[in-house]
Amino acid sequence: MGKIIKRSNIKKAFHYVKKNGVRQTWYAMKERMQIEMADDYTYEPLSDLELKRQVQDGERFSIKFSILVPAFETKEEYLRAMLDSVLSQTYGKFELILADASESNQVEQVVETYEDKRILYRRLRQNAGISANTNQALMYATGDYAGLLDHDDVLTPDALYEMAACIARYEAKDIELQMLYSDEDKCDERQISYSEVHKKPDLNLDLLLTNNYICHFMVIKRQLLQELGFRSVCDGAQDYDVALRVISSLFGKGRRPDKKVDLPVAHIPRVLYHWRSHSQSTSENPASKQYAYDAGKRALEDFLRSRGLKGTVSHLRHLGFYRVDFQPDLLSNRPDVAVVGGRLLDKKNKITGGIYTADGKALYQGLYKEFSGYMHRAALQQEAEMVDIRCMKASRQAEMILEEMIGLPYLQHPGTGRFDWSGCLNENMDFVELSRRFCEKVREQGYRIVWDPSMTESI
């Protein structure tokens, strides 16, 4: 039996057609239906044996977490589910700080039924907005790290254990992590079915400049988070704003690094967070919080200014996704980037290459040019391990690397400014292998490679 189209997707379609027109809406809905039909994801809970193992193993860690939860008129069933998910953690060294801005007493009355001393309830005098309310919770935090949890979402039982274990692994290498994040999925209102798992990449700066892919579950060094705080001007995208400012602070005072810098940020490739979908949540109805996406745009613009980067930020077709256009181009603004590559299309207007894994496997292959792919990544700028030399622009440093490899001068196409591969290379050569070796050398010299899907070449 086929899946039923969600009512929320019909709402999204009406909003989308108003914003982007009938043609783009048709492609977006067609792709969305295909994705939902193919979504066979199932969240697999951990076994009791594994949960017990984590309880015992976690005793060797001393890390304390502060879980920050701004609450406002939270439904009792959601509030209890959130509280129970934290109190059920296999790693128990934490404090749960609730900053309640409700006008009624319903949140307080529920919290009073819990006797666990790790719960710190604070009633706020006024509802000053999500950022100010979260700052109130942050003010009381005493943990080594602070984690951000929405009042109607839930953590998996192993969330804090996995965070503590990751921190300890890095500490063994003398690295003090400043930010960690995990994969996530969505659950329905009753927390019965799970869908839309978000498997995230490791830190990808340019992808982060297109959307808040870090999102949930995000944990930040408490002292750093208290120094940064949350900004009311970015209410609705306060987590995105904080993530960007964490990255900016870790780069240090030097505004534009000449090479790629490894930052103390870790990704845990496990689902540790269930984002609840209901009619008022952004996960179910993105159009319900348009102000949040405008706030995200402001956060990006502030990041560019803070790093001395000249560019403009614009909304993409999909809500919550952005594009940064650098002036006059990315290479001139970012000395850490040596190559910008684009996508290759075949005669059927399907992606046949352009961005690859380090070993040469094409990403987004076979995807129609109007589709955006998993988590819209095929439509997003992002750092890449490898791009194709048949659709690329290069810095002078990268040009010299290629010249040394092919033994010929680097030719630039007079019209596009891209590498004029057809003017100096044999059309029968293995371009993917040459691209792989070229990009490997570029990365070995410490430069970033960025893929920009707006650059297109038909082959």
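**Packing of helices 10 and 11**

Helix 10 (residues 238-251) packs against helix 11 (residues 290-306) at an angle of about 10°, and the two axes are 9 Å apart. The model is a predicted one. Angles under 35 degrees count as roughly parallel, and helix 10 and helix 11 are therefore roughly parallel to each other.

- From helix 10, the residues Tyr240, Asp241, Leu244, Ile247 and Ser248 meet Gly296, Ala299, Leu300, Phe303 and Ser306 of helix 11.
- By class, the residues of this contact between helix 10 and helix 11 comprise six nonpolar, three polar and one charged.

**Aromatic pairs and cluster**

- The structure contains 12 aromatic pairs.
- Tyrosine 181 and tyrosine 213 form an edge-to-face pair, with 5.8 Å centre to centre and 80° between the planes.
- Tyrosine 181 belongs to strand 6 (residues 179-187) and tyrosine 213 to the loop between helix 8 (205-208) and strand 8 (218-221), so this pair ties together parts that are 32 residues apart in sequence.
- Tyrosine 181 is buried at 0% relative accessibility, and tyrosine 213 is buried with a relative accessible area of 1%.
- Tyrosine 240 and tyrosine 322 form a stacked pair, at 6.3 Å centre to centre with 25° between the planes.
- Since tyrosine 240 lies in helix 10 and tyrosine 322 in strand 11 (residues 322-326), the pair ties together parts that are 82 residues apart in sequence.
- Tyrosine 240 is buried, with a relative accessible area of 4%; tyrosine 322 is also buried, with a value of 2%.
- One aromatic cluster is formed by Phe61, Phe65, Tyr91, Tyr145 and Tyr161.

**Buried face of helix 13**

- Within helix 13 (residues 396-406), the residues Ala398, Glu399, Ile401, Leu402 and Ile406 are buried.
- Viewed down the axis of helix 13, its buried residues fall within an arc of 160°, so they line one face of the helix.
- These buried residues of helix 13 pack against strand 12 (337-345), strand 17 (392-394) and helix 14 (431-444).

- Leucine 149 is placed in the loop between strand 4 (145-148) and strand 5 (154-155).
- With a relative accessible area of 1%, leucine 149 is buried.
- Leaving aside residues up to four places away in sequence, leucine 149 touches Ile67, Leu68, Val69, Pro70, Met82, Val86, Val154, Leu155 and Tyr273.
- A separation of 10.0 Å lies between the C-alpha atoms of leucine 149 and leucine 98, which are 51 residues apart along the chain.

Terms used. Residues numbered from 1 in each chain as written. Predicted model: local features only at pLDDT ≥ 70, side-chain atom pairs only at ≥ 80, totals over all residues. Heavy atoms only, no water. Axes fitted to C-alpha atoms, helices over the stretch in contact; angles between N-to-C directions. Helix = DSSP H or I, 4+ residues; strand = E, 2+ residues; numbered from the N terminus. Parallel < 35°, antiparallel > 145°, perpendicular 65-115°, else oblique. Contact = heavy atoms within 4.5 Å. Nonpolar A, V, L, I, M, F, W, Y, C, P; charged D, E, K, R; others polar. Buried < 20%, exposed > 50% of the residue type's maximum accessible area, 1.4 Å probe, protein only. Arc of directions from axis to C-beta. Phe/Tyr/Trp six-rings, centres within 6.5 Å; stacked < 30°, edge-to-face > 60°.
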